[in-house]
Amino acid sequence: MRLFLPTTLLALFIMLPLSFAAQPNVIIILADDLGWSDTTLYGTTKLYQTPNVQRLAQRGMTFTRAYSASPLCSPTRSAILTGLNPARTGITVPNGHMPQVILQATLPKKAAPDQKVLQPTPPTRLKTEYRTLAETLHDAGYATGHFGKWHLGPEPYSPLQQGFDVDVPHHPGPGPAGSYVAPWKFADFDADPNVPDQHIEDRMAKEAVAFMEKHKGAPFYLNYWMFSVHAPFDAKKALIEKYRTRVDPKDPQHSPTYAAMVESMDDAIGTLLDALDRLKIADNTIIIFTSDNGGNMYDTVDGTTPTSNAPLRSGKGCLFEGGTHVPGVIVWPGIAKAGARSDALVQSDDYYPTLLEALALKPAPGQIFDGHSILPALKGGDLPGKALFQYFPHASTSVPDWLPPGVSVHRDDWKLIRLFHAGENGAHRYLLFNLHDDPGEKTNLAAQKPELVKELDTLIETFLKDTHAVVPVPNPAFDPKQYHPELEGKPQPKAKAKAPAKDDSDPAMQGWKARDCKATVKNSIVSVTNIGFECFLGFSASKHSGPTTAKFRIKARPGTSHFDWVPTGGKAQRVPFTLQGTDWQEISVTLPATGPLGIVRLYLPMQEQPVEIDWIELRSGDGGKVTRTDF
C-alpha cells in the first residue's frame, strides 16, 4: 500500500491535463520603434549595448526573420492582442490617442487631386468585441497586468476593458507623458519621491516586478509594453555622456541619446530577468520579446536620424524591410532550445494562436485568427509554405524611401509589394525581391518574373478578401497634371502641426486658454470639445502666491485628472482630483505652493463628449487674493 499510493498519485498527476498550478507564466516584452539593427542579436550594430537581450537569446530561440504586422505601432499592438491582421481590424495607423471615437474603417469620398487613390480612414479604438489574449488567459485562471504603452484607446477601450486586471500608468498617449526622465506628465502617475530623475522604464520595470512577486504562486500574463525607444528623444544624462565618447560619425548609428535610450530599455529587461531568477519561476515562464515596428529613420536627434536599420531599407512607416523586420526572441523552457536560432517566418499575429495551442486552450466559439501557430518552429522545425501579410494602405511621405499605399506578402525567400493603383492607367504596381540574395531590396525582379508576381499577388488578393479589408480605390478627383512621380521615395517635409486649439482672442474666456482642445463660451458656460490626452485650460496666476485653493464647477464623465501650477523657471507641480458621476459637481484642490504660482493648468480627462465648466476660482491663503472667473 505504501508503494501503491504514491505511484498511483504520480500516474494520475501525469495523466491530468496541464493543471492550474503547472500553467506557465507568460510575459510579452514589446519594445517601441526598436529596429532589427538596434540590438546585438544580429551583428549589425557596433554602438548599442544590449547584454540583457542577449540573455534572452541564451535562454531561448532567436528568430532571424521576425516581423511586425505593420510598419506602425498600434496596428501591431492590436495584432498581438487579437491574433488578427490589421487588414481585418482596420487599425492601420497609430491614432488611439485621438479624441474622436471611430470603430470601423471607411473610405473617404474624395482626396487631393495629386493623390491616385482614396486611403481608408481607420478606427481610433480597438473594439471590445474582439476577444483578446488577456481575456482568454484571464478566463483560464491567469492574473493579467499591462505595464507601459497601450495606444489602442482610452477608457472604455483601455487595458482594463480588454482583459487586464492592472494597467500602469493607464495612459492613452503615443509615448511617455512629457519625457522619459521625471518629472512626467501622466494624469495620475508620478515618479517615486525618493528617486531623483527617475527613468520611466526603471519605474515600469519596478511595477512589473511587484506584479510578478504578488502572483508568483499562480500563473500570470504580464504585458510589458515599453515606451522605449519611441520619441521624445531623451535619456539619462550620464548614459548620453557615456555614448558621446563612443560614437563614430562614419557609422550610420551615431546618436548618443538614442544609444542611451537603448541601454535603459535593455536594463529594464534585465530587471525582469533578475526577478524571475530570484523568484525561482524562470523555468516556468514564457517570454516573447519583439518590437512593434522598425527603427525610426525620419526624426532628428543629435543632428542625425535616431538610428539606422542598415543593411535593411527604409524604416518605420514603410513596407520595405526596415519598417517591419524586427528583433524576435522567444524563451519557452521545455519547448524552445536555449541558444537556438530559427529562420522561420513569424509575425505579431502568430503569438496568440501559438500560446493557445501550446497551453491546450481552445479559442472561443466562432473566434478566428489570421496568425498561425509557430510551435513547430519553436521545437526546431520549419514552417513550409508559410506566408506573411503586412497591410499598410497609407503613404508616409516623411519616411526615407516611402511608398504609396500598399500590401506585401512574404513567402520563403520572396517578397512581393503591391502598390494600389500606382501603375499606368490605374493598374496596381509591383515590387518583387529575393530577400536571401538582396536583403536591402535594391533590385526589383517583377519584370523578370511575371509568373511569380501573379502567383504571389493571388495570395494577396485572397488575403484581402478573407480579411474583408477596406482597400484603397482610385481617386475620382485625380489630376495627372498635379501628380509628381519623381517625388516618390524622397522624404517630404512634415506638414507643420496645427497649433493646439485655443481661444486667446475670445474675451469670454477671460484669460483662460485652451490647449489640445477647443473651448467656447455659451450661456455663461465653457464647453470644451476635441479633447486630446493633454487637454488643459491654462491661466496666468503670477499674482497669486503661497498655498492656494482652486475650486471649479464642472460637468464631465467620471475619471481622474489633475490641477497643475508652473512657477516661473520651475517645474510643473501637480495635485490630482477625481470626477464622480456625470452631473454638475464642485471640485476643490489645494495647491501647496511656496511662492508665486506662475501658470496654472486645469487638465481635463480625455473623452469624446464635451466637458462643461461653469466657473473657476483661485483663493490664496487666509483672506488673500481671490480670482474668480464666471464665464
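**View 1. Packing of helix H6 against helix H8.** In this predicted model, helix H6 (residues 200-214) packs against H8 at an angle of about 20°, with their axes 9 Å apart; helices are DSSP runs of H or I with at least four residues, and strands are runs of E with at least two, numbered from the N terminus. Axes are lines fitted to C-alpha atoms, for helices over the stretch in contact, and angles run from 0 to 180 degrees between N-to-C directions. H6 is therefore roughly parallel to H8, given that angles under 35 degrees count as roughly parallel, over 145 as roughly antiparallel, 65 to 115 as roughly perpendicular and the rest as oblique. Residues of H6 in the contact (heavy atoms within 4.5 Å) include Ala 205, Val 209 and Met 212, while those of H8 include Ala 268, Leu 272 and Ala 275. The model is predicted, with local features needing pLDDT of at least 70 and side-chain atom pairs counting only at pLDDT 80 or more, whereas totals for chains, interfaces and linings use all residues. Residues are numbered from 1 along each chain as its sequence is written, and side-chain values use heavy atoms, with hydrogens and water left out.

**View 2. Packing of helix H7 against helix H8.** Helix H7 (residues 237-244) and H8 pack at an angle of about 120°, their axes lying 8 Å apart, and the two are therefore oblique to each other. The contact involves Leu 239, Ile 240, Lys 242, Tyr 243 and Arg 244 of H7, which meet H8 residues including Pro 256, Ala 260 and Glu 263.

**View 3. The largest nonpolar core and the surroundings of Ile 269.** The largest nonpolar core has 60 residues, such a core being a set of buried Ala, Val, Leu, Ile, Met, Phe, Trp, Tyr and Cys residues joined through side-chain atoms within 4.5 Å, where buried means under 20% relative accessible area (1.4 Å probe, protein chains only). Helix H8 (residues 256-278) gives the most to this core, with 12 residues. Among the residues with the most contacts inside the core are Met 212, Ile 269 and Phe 289. Leaving aside residues up to four places away in sequence, Ile 269 touches Ile 29, Asn 52, Val 53, Leu 56, Met 226 and Phe 289.

**View 4. The five-stranded open sheet.** Five antiparallel strands are arranged in the order E16-E19-E24-E21-E22, two strands being paired if DSSP finds at least two bridges between them. Strand E16 (513-515) and strand E22 (573-579) form the edges, each pairing on one side only. Strand E21 (residues 559-566) is joined to E22 by seven bridges, and Trp 565 stands opposite Gln 573 in E22.

Technical notes: Buried means under 20% relative accessible area, exposed over 50%, partly exposed in between (1.4 Å probe, protein chains only).
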